[in-house]
Amino acid sequence: MSIRKYKPTELLQGTLDLLILKALVHGELHGLAIAHRVEQLTNGAFEVKPGSLFPALHSMEEAGWLASCWGESENRRKAKFYRMTKAGRRQLQTETNDWRRVSSAITAALRAT
Amino acid sequence: MSVLHRIIAGCRNLFRKSDVEQELSDELSYAFDALVEKEMGQGLSEAEARRRAGIDLGGVEQLKENIREARAGYHIDVLIQDVRFSLRMLWKSSGFTLVAVLTMAVGIGATTAIFSVVDATLLRPLPYSHPEQLVSIQSDLPEISAHDVGMSQPEWHDLQQSGIFEFVSPTWFDENNLTGSSKPARVRLLIVAPNYFALLRTEPQLGRTFKPQYNSPGFIPEVVISDALWKRNFGGDPNILGKSVRMDTDQYQIVGVMPRGFDSPGRTPEERNIEVWAATSFYGPPLPDQPLRNRRNLPTAIARLKPGLTIAAAQSRLDALAVSLQKQFSADYPNGWRVLLQPLKDTVIGNVRQPLFLLFSAVGVVLLIGCVNVANLLLARASARGREMGIRQALGAPRGRLTRQLLTESLILSLLGGTAGLAIVFAAKEPLLRLIPETLPRLNDMSISWSVLFFALMVSIVSGVVFGLAPALHSGRLDLIHALNQEGWGSTGSGERARTRRALVIAEFALSLVLMIAAGLLLHSFWDLLNVRLGFNPQSVMSVRTRLPYPNNSSIDKYATAAQEAPFIRELLRRCKSLPGVEGVAIGDPAAIPLDQTQRDLNTLEGKLFITFEGQSSKPDAASLVERSRVTPEYFQLVGIPVLRGRLFNEFDTDAAPQAAVVNESFARSYWPDGDAIGKRFKSTRPDSPWITVVGVIANARTQSLAETDVPQLYLNVYQDSAKHLAIFLRGCLNTVAIPDLVREQVQAVDATLPVFGAQTLTQTLSDSLSQRRFSMEMITLFAATALLLAALGIYGVISYMVSERTHEIGIRLALGASRSNILGIVLGQGLGLATVGAGVGFVCSLIVSHLMASLLYGVRPTDPLTFAGVAFLFIGVALVACYLPARRAVRVDPMVALKYE
């Protein structure tokens, strides 16, 4: 099953948000590092293009789930780091629960004959 | 939480745009650099690495735009951009903008002005608490087709006890002589039941109103006065309460002052602008102590329904009550009896609904024509801007965005127009209000209220969308290749666009023709009314009113009988005859003032009389309700109504002689169709009335209404049947400014307590009686003229555009030898073709509209050929002129220039 056939934004609205939040569980990261982390988390199944990553980051920040600050990157350059807020943590919880419900429902539906 | 965050973020995006953009730029440039480094780390050249990084990001600028779109407030930001751009475009073509905004200003301003009238009169509820419970009560005697005959005291009592109403109050309009303040003044008095103010649930601004429980005989010795009277006659004295005033020689104490702006609910301006309210239980002096059931002397009544009762439910219970009362008192109801409830608001509004509806439709049509005109202008501009649109689309602007921007432009135009229109209405408010006839009920203040402002806003938005839609949709269908290939200013425009423009002009002409036909019919009616044969001569006649007191204690009444009043009348006639310029004098009651609409509309039962004829009817108790005036013998000669048979009143018709009557031709013909009226007798249905003998028949005259020719009229002699309300008629070469004061001196020389008021020339009275018709006619004509002007501008625009579009073709035609008159014919033919099709459509619509307004016409059929022909003639003339100007330009085309231009 290849997910990459679809544009990530079109695929299951909200999945990208969920993955970004998940990627930030252990601390702050800058944009490209988030993409990299998502790839790692999904064992390379999701390759997040900057074209969808950055708009998602900005709108999540505006929703109050992420906060950002300017810091220094690993190669000593000025970069924008994102971290999860309390609201973001709550959002992660709800989205995780939603996802579990949906995925178990779909799994059950596919099992049925 | 999240919504709040987005709002805050949106504000930041909008107001600190440069910071946000800078951060975005920094963030992405880091990402770009990081990607480049990564690629270079894999051994690529810098140029190649940069290329790949760009591909990875999907283009830095495109990515930025994607991010912006995801942000809060993006749509507002786009709107601001659109508005800015539109304003710039509109500013650049300021001529077009000016014309469009002015057109919309006229349309929206006029519509808003008329709406504020409709809102105040028809839409807003009456300004009393729970107005939906308020009703007016009308009694009819259907068997003798007598309507609105009034109510008797016992009937009022029955309605009170019926359990249907919370309160019922008769209302009795009267004029009164107020002699408490500086000089005798005539005041408008409303005699009501003590529960009147409790019924309306209105509180006074000062003091109190009547105690609703009062039930003793006669008048409560207290009055409530209006704010206007308080300020005018008592200088707004704060210690007014408890002061006594004399009204008709009786003493009353002022107990309350009503608030400013409080009007009684009445049908006429007189009844609404009440100055004094007095209360009685409608029996006891001056009324009979034992009121009779069939003596219906209480002219009108209002009531408040019990809560929760609908008018229909109340009416059915009332019908049952009426039936049982008729059974119980069969002797008092020989000719049926029906009591009808009507929402009080309908009674107050009266018959203005239809003219107002007509006005509102007319102004709506003007607005629509305005919209069509602006749509036409926009289409012409869209052709000119075809290239611009093409370029913008080629550079990647989505079609939706272009349509959106064009709609923004038209909305801005209409909102600007609406604002300008409102400003005009605001500025011209006073003169506009003066145009509205007094007879239009306005219990509600006619102001620019919130609902009016809201209406103006809605109208602006809707018309903006209406006229913006056609050009905006056309832009969506723009053919890119075609648009970009065009030379110069895009020109020709698609054939489709030209078709739309022609259709719009046709619609415009059809609409304005309908308006012009309506205006033409009203004008023709009005003209006919002004030129009817009156049957009397109003020239150089003035009427001045006075009123004799009517004390509650009739034993102190100086003018109780005709014999007592006669010396006063004779003395007054003698004195007035000697006034400068006066050639003839007569005295009568107000019903004798020809065409005095304010008197006719007042429902006082004053000018009406129930009579029965001697030995004529098979049913002895069948009464007839007739119009009655009381006059002195000189009256007929003074107003110039000739006698046809018999004689007029003379000096022998005195109190001692048998009562004589003069009737008009129509009266004689309707009651004695096969015989001579002279010598026939009849009498009033009031108890102890004497027989009255017809002594003369006079010619019919339109003294009741200009529109009605043969209303039966009965004249009695003031010396035999006395009247308290008097009108002094003077004929001659009168100084209309000085006469009122001169007459006042003479009246008050005879009796110093009498007020003198209401001086008017008969021609003025006649003109006033037409005020509502004149208002409708003037407004509709104004709107029709505006519509025609707009339509002419529309056709002018289309034809000029066509000429400039075809300059090249005309040049070729001329070069090939076409004569100038050929060219003129082609251009004029095009314009006239459009006008003729529009006129055809308009004529069909006019036939429908004119039948709908048939009741507003007088003496003119809805298909009046003269009006239709006249309008058609004017119409074609205007179209010709509007087309001739551009046609002349076409003729002057120089073939050389036209061909080189290409």
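How many helices and strands are there in chain B?

A: In this predicted model, chain B contains 30 helices and 21 strands. Its C-alpha atoms occupy a box of roughly 135 × 80 × 55 Å along the principal axes. The radius of gyration of chain B is 38 Å, whereas a compact globule of 902 residues would have one near 29 Å. Of these 902 residues, 41% count as buried. When contacts in chain B between residues at least 6 apart in sequence are considered, 84% of them join residues at least 24 apart.

Chain B also touches chain A. To this contact chain B gives 21 residues and chain A gives 18 residues. On the side of chain B that touches chain A, α1 (2–15), α2 (17–41), α3 (46–57) and α4 (60–70) of chain B each provide at least two residues. Helix α2(B) makes the largest contribution to that side, with seven residues. For the complex, the predictor reports an ipTM of 0.77 and a pTM of 0.77.

As to confidence, the mean pLDDT of chain B is 85, and 95% of the residues score at least 70. Among the elements of chain B, the highest mean pLDDT, 95, belongs to helix α8 (residues 196–200) of chain B, and the lowest, 62, to helix α18 (residues 480–485) of chain B. Over residues 487–492 of chain B, pLDDT stays under 50, and the model has 12 contacts beyond four places in sequence for this stretch.

Terms used: Residues are numbered from 1 along each chain as its sequence is written. Chains are lettered from A and ligands numbered from 1 in the order in which they are written. This is a predicted model: local features need pLDDT of at least 70, side-chain atom pairs count only at pLDDT 80 or more; totals for chains, interfaces and linings use all residues. Two residues are in contact if their C-beta atoms, placed from the backbone, lie within 7 Å. Helices (H or I, at least four residues) and strands (E, at least two) are DSSP runs, numbered from the N terminus. The radius of gyration is taken over C-alpha atoms; the globule rule is 2.2 Å times the number of residues to the power 0.38. A residue is buried if 20 or more other C-beta atoms lie within 10 Å of its own, exposed if 12 or fewer, and partly exposed in between; C-beta atoms are placed from the backbone. pLDDT is the predictor's confidence in each residue, from 0 to 100.
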